[in-house]
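Subject: Handover of a structure for your study

Dear colleague,

Please find the sequence and the structure below.

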Amino acid sequence: MVTMTTAEKDLNKDPKQIKIEHENHKLEKRLCRQVGQAIVDYNMIEEGDKIMVCMSGGKDSYAMLDILLMMQKRAPISFELIAVNLDQKQPGFPADVLPKYLAQVGVKFRIETQDTYSIVKDKIAEGKTMCSLCSRLRRGILYRVAGELGCNKIALGHHRDDILQTFFLNMFFGGKLKAMPPKLVSDGGDHMVIRPLAYVAEKDLERWSKVRQFPIIPCTLCGSQDGLQRQVVGEMLREWEKKFPGRIENMFAAMQNVVPSHLMDHTKFDFKSLVTTGVASEDGDKAFDHEEFPMASLPGMQVVSL
Ligand code: SF4
């Protein structure tokens, strides 16, 4: 039997198809690299971890599970993944989609059915947003399930753009410089919550979802409007990205490069005890200088006089 090499097989392929496959391969490598980097930077996954992967049926949770399964095969450490979906009994929720997919990919899973939809509808007046109560109920159920499954970690599918949106929402409406942590201890103190997609751009997840043809479940089944401000901020960020390529990356880098001495939170920096040292410091503030912003790295930004 004559076997063909990859190069010979490629010769028989449509050049367009080769290009698509090449791009998809690059995307897969980028996704794995970024998730791997976030895991290392924040020590998200350790030997022996049992991780509950929260599946909503949206593109982000499918991609998270998909990437974690790939990484599980390649990782030098061993950890367990259990996919969990909470069926909240929203009208029209296609209950068979996730179990079918999860069985097909061969991951352990649990579908937890709890009619939080009726509770929320009953408690919240018509026309008011239901998200706050709904997500509180969901959180409690997911923590309970994690305990029952013996999972020490809970993975959520929030990505880089969710983190940035939250940062702006907190600043615009909450008066806080605060985003979404890549890793945190659950409010009950019992579980570690991790966000392995913290470094991943939403547009890459959209593309990956198409490549892998995930059976997406629409996220509008409950009909709630709470996401409105988030959508507005999301749109603002997408506009900026279009007009000033690189701005999203710069803002995201800024969140990992915080200088408390140059902000105004006196609980984070001891301004009161600040004393002169008489010694020149390279990192010292050039208080009377004009700050230079390299135009190449901040396209479209104006240099402002300070
Ligand atoms: S969008 Fe719907 S399902 Fe999501 S938190 Fe709000 S009420 Fe709950």
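Asparagine 43 counts as exposed because 10 C-beta neighbours lie inside 10 Å. For this term, a residue is buried if 20 or more other C-beta atoms lie within 10 Å of its own, exposed if 12 or fewer, and partly exposed in between, with C-beta atoms placed from the backbone. Asparagine 43 is not a glycine, yet it has a positive phi of about 45°. It sits in the loop between α2 and β1, just after α2.

Before going further, please note that this is a predicted model, in which local features need pLDDT of at least 70 and side-chain atom pairs count only at pLDDT 80 or more, while totals for chains, interfaces and linings use all residues. Residues are numbered from 1 along each chain as its sequence is written.

A second residue with a positive phi is lysine 89, at about 65°, and it is not a glycine either. Lysine 89 lies in the loop between β2 and α4 (97-105). With 15 other C-beta atoms within 10 Å, lysine 89 is partly exposed.

The chain as a whole

The chain contains 10 helices and 6 strands. Helices (H or I, at least four residues) and strands (E, at least two) are DSSP runs, numbered from the N terminus. Of its 306 residues, 23% count as buried. Among contacts between residues at least 6 apart in sequence, 76% join residues at least 24 apart. Two residues are in contact if their C-beta atoms, placed from the backbone, lie within 7 Å.

Helix α2 (residues 15-41) has 27 residues and reaches 39 Å from its first C-alpha to its last, close to the 39 Å expected at 1.5 Å a residue. The expected span is 1.5 Å times one less than the number of residues in the helix. The buried residues of α2 are Leu31, Gln34, Val35, Ala38 and Ile39, and they pack against α3 and α8.

Helix α3 (residues 59-74) has 16 residues and spans 23 Å between its first and last C-alpha, close to the 22 Å expected. Its buried residues include Tyr62, Ala63, Met64 and Leu65, and also Lys59, Asp60 and Asp66. The elements that cover the buried residues of α3 include α2, β1 (50-54), β2 (80-87), β4 (153-155) and α8.

How do α2 and α3 pack, and at what angle? Their axes are 10 Å apart and the angle is about 80°. Axes are lines fitted to C-alpha atoms, for helices over the stretch in contact, and angles run from 0 to 180 degrees between N-to-C directions. The two helices are therefore roughly perpendicular to each other; angles under 35 degrees count as roughly parallel, over 145 as roughly antiparallel, 65 to 115 as roughly perpendicular and the rest as oblique. Leu31, Cys32, Val35 and Gly36 of α2 make the contact with Ile67, Met70 and Met71 of α3. By class, this contact of α2 with α3 has 6 nonpolar, 1 polar and no charged residues. Here Ala, Val, Leu, Ile, Met, Phe, Trp, Tyr, Cys and Pro count as nonpolar, Asp, Glu, Lys and Arg as charged, and the others, Gly among them, as polar.

Helix α8 and its two partners

The axes of α3 and α8 come within 9 Å and cross at roughly 75°, and these helices are therefore roughly perpendicular to each other. In this pair, Lys59, Asp60, Tyr62, Ala63 and Asp66 of α3 meet Leu205, Glu206, Trp208, Ser209 and Arg212 of α8. The contact of α3 with α8 divides into 4 nonpolar, 1 polar and 5 charged residues.

Helix α2 also packs against α8 (residues 202-212), at an angle of about 125° and with the axes 11 Å apart. That makes α2 oblique to α8. The contact joins Asn24, Leu27, Arg30 and Leu31 of α2 to Asp204, Arg207, Trp208 and Val211 of α8. It has 4 nonpolar, 1 polar and 3 charged residues.

A buried residue in a strand

Alanine 155 is found in strand β4. It counts as buried because it has 28 C-beta neighbours inside 10 Å. Alanine 155 and isoleucine 51 are 104 residues apart in sequence, but 6.7 Å apart in space, C-alpha to C-alpha. Leaving aside residues up to four places away in sequence, alanine 155 touches Ile51, Met52, Val53, Cys54, Met64, Leu68, Ile194 and Pro196.

Yours sincerely,
A colleague
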